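I am opening a notebook on a structure that is new to me. My entries follow the order in which I looked things up.

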Amino acid sequence: MGASQVWASVPAWLVIVVGLAAVVSSSEAHVFYAGGHDGWVLSPTESYNHWAGRNRFQVNDTIVFTHEKGVDDSVLLVTEQDFDTCNTRNPVRRLQAAAVGSSSGSSVLRLDRSGPFFFISSDEDRCQKGQKLYIIVMAVRRPTTTTPAPAVAPAPDSAFPPAPSPVWASAPENAHAPPPTAGASRLVDGAIIGSVVGVIGALVLCAV
């Protein structure tokens with residue numbers, strides 16, 4: 001069956017409903033068509049494993065299974081064990097196709113949680129031949145809020161300028177007293193000369 005025939009079998013109202021549901025549920029939600037353009041068929045051009053591997057599924061995305069025209073086949077959501085064995089007797093959920101007229105319609109599921117989802121054909125023989133799909137829905141990414149780091153007080157100066165020495169501080173040991181002024185030198189010289197003259201005068205008087 002050609003891809004154009006599969007897409008022609010999709011009811012217009014179902015596509016609109018799926019699109020509106022995706023927009024309302026999340027502004028970032030996407031709609032995925034299982035198997036790409038081939039739809040939910042027995043032998044897709046691209047294997048279901050390859051198709052699932054190149055897509056990234058997130059919570060609130062929607063997956064659509066477009067059935068082949070004239071094929072009575074619904075999609076089963078099953079456990080991993082039933083997926084491996086193609087056990088169709090105990091499905092977690094049966095996705096009924098929304099048929100309109102002679103069209104087989106499509107089955108739709110909104111991915112409401114993170115983790116694995118396992119889908120198989122309700123026809124066990126078709127499942128055994130490879131009509132099954134599992135996808136991994138990524139965990140919800142919560143926006144991270146960054147807490148501003150506490151303000152760090154400026155480090156104190158490692159050294160403060162030394163305080164000026166007090167006026168009463170002792171002078172260094174190698175300091176010397178200032179030399180006498182010129183006036184003081186003249187006073188000392190005059191006293192010595194006067195003393196010498198007085199002694200000479202006294203000796204002269206004694207000799208007379």
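**Entry 1: salt bridges**

I began with Arg-54, which forms a salt bridge with Glu-46, the closest N and O atoms being 2.7 Å apart. My rule for a salt bridge is a side-chain nitrogen of Lys or Arg within 4 Å of a carboxyl oxygen of Asp or Glu. The model is a predicted one, so I kept its limits in mind: local features need pLDDT of at least 70, side-chain atom pairs count only at pLDDT 80 or more, and totals for chains, interfaces and linings use all residues. Residues are numbered from 1 along each chain as its sequence is written, and side-chain values use heavy atoms, with hydrogens and water left out.

Next I looked up accessibility. I call a residue buried under 20% relative accessible area, exposed over 50% and partly exposed in between (1.4 Å probe, protein chains only). Arg-54 is partly exposed at 48%. Glu-46 is buried at 19%.

How many salt bridges does the rule give? The count is three.

Glu-68 and Arg-126 form another one, at 2.7 Å from N to O. This pair links distant parts of the chain, 58 residues apart: Glu-68 sits in the loop between strand 3 and strand 4, and Arg-126 in helix 5. I took helices (H or I, at least four residues) and strands (E, at least two) as DSSP runs, numbered from the N terminus. Glu-68 is buried at 15%. Arg-126 is buried too, at 14%.

Lys-129 and Asp-125 also meet in a salt bridge, at 3.3 Å from N to O. Lys-129 is exposed at 54%, and Asp-125 is partly exposed at 44%. I noted a general point: side chains of opposite charge can pair when their charged atoms come close.

**Entry 2: the disulfide**

I searched the whole structure for disulfides, meaning cysteine sulfur atoms within 2.5 Å of each other. The search finds one. Cys-86 and Cys-127 form it, with their sulfur atoms 2.1 Å apart. Cys-86 lies in the loop between helix 4 (80-85) and strand 5, and Cys-127 in helix 5 (residues 124-128), so the pair ties together parts that are 41 residues apart in sequence. The torsion about the S-S bond is about -80°, so this disulfide is left-handed.

Are the two cysteines buried or exposed? Cys-86 is buried at 0%. Cys-127 is buried at 1%.

**Entry 3: two loop residues**

I then checked His-67, in the loop between strand 3 and strand 4. His-67 is buried at 1%. Its side chain makes a polar contact with the side chain of Ser-107, at 2.8 Å. For a polar contact I need a pair of N or O atoms within 3.5 Å; within protein, one must be able to donate a hydrogen and the other to accept it, and residues adjacent in sequence count only if both atoms are side-chain atoms.

Ser-43 is in the loop between strand 1 (31-33) and helix 3. Ser-43 is exposed at 64%. Ser-43 and Arg-126 are 83 residues apart in sequence and 9.6 Å apart in space, C-alpha to C-alpha.

**Entry 4: the sheet**

Which strands form the open sheet, and in what order? Five strands do, in the order 2-9-8-4-5, with mixed pairing. I count two strands as paired if DSSP finds at least two bridges between them. Strand 2 and strand 5 (93-95) stand at the edges with a single partner strand each, so one side of each has no neighbour in the sheet.

Strand 2 (residues 57-58) runs parallel to strand 9, and two bridges join them. Phe-57 has Val-137 as its bridge partner, and Gln-58 stands opposite Met-138. Strand 8 runs antiparallel to strand 9, with six bridges. Pro-116 has Ile-136 as its partner there.

**Entry 5: the cores**

I looked for nonpolar cores, sets of buried Ala, Val, Leu, Ile, Met, Phe, Trp, Tyr and Cys residues joined through side-chain atoms within 4.5 Å. The largest has 20 residues, and Ile-63, Phe-65, Phe-119, Leu-133 and Ile-135 have the most contacts inside it. Another core, of seven residues, lies apart from it, with Leu-76, Val-78, Cys-86 and Phe-118 among them.
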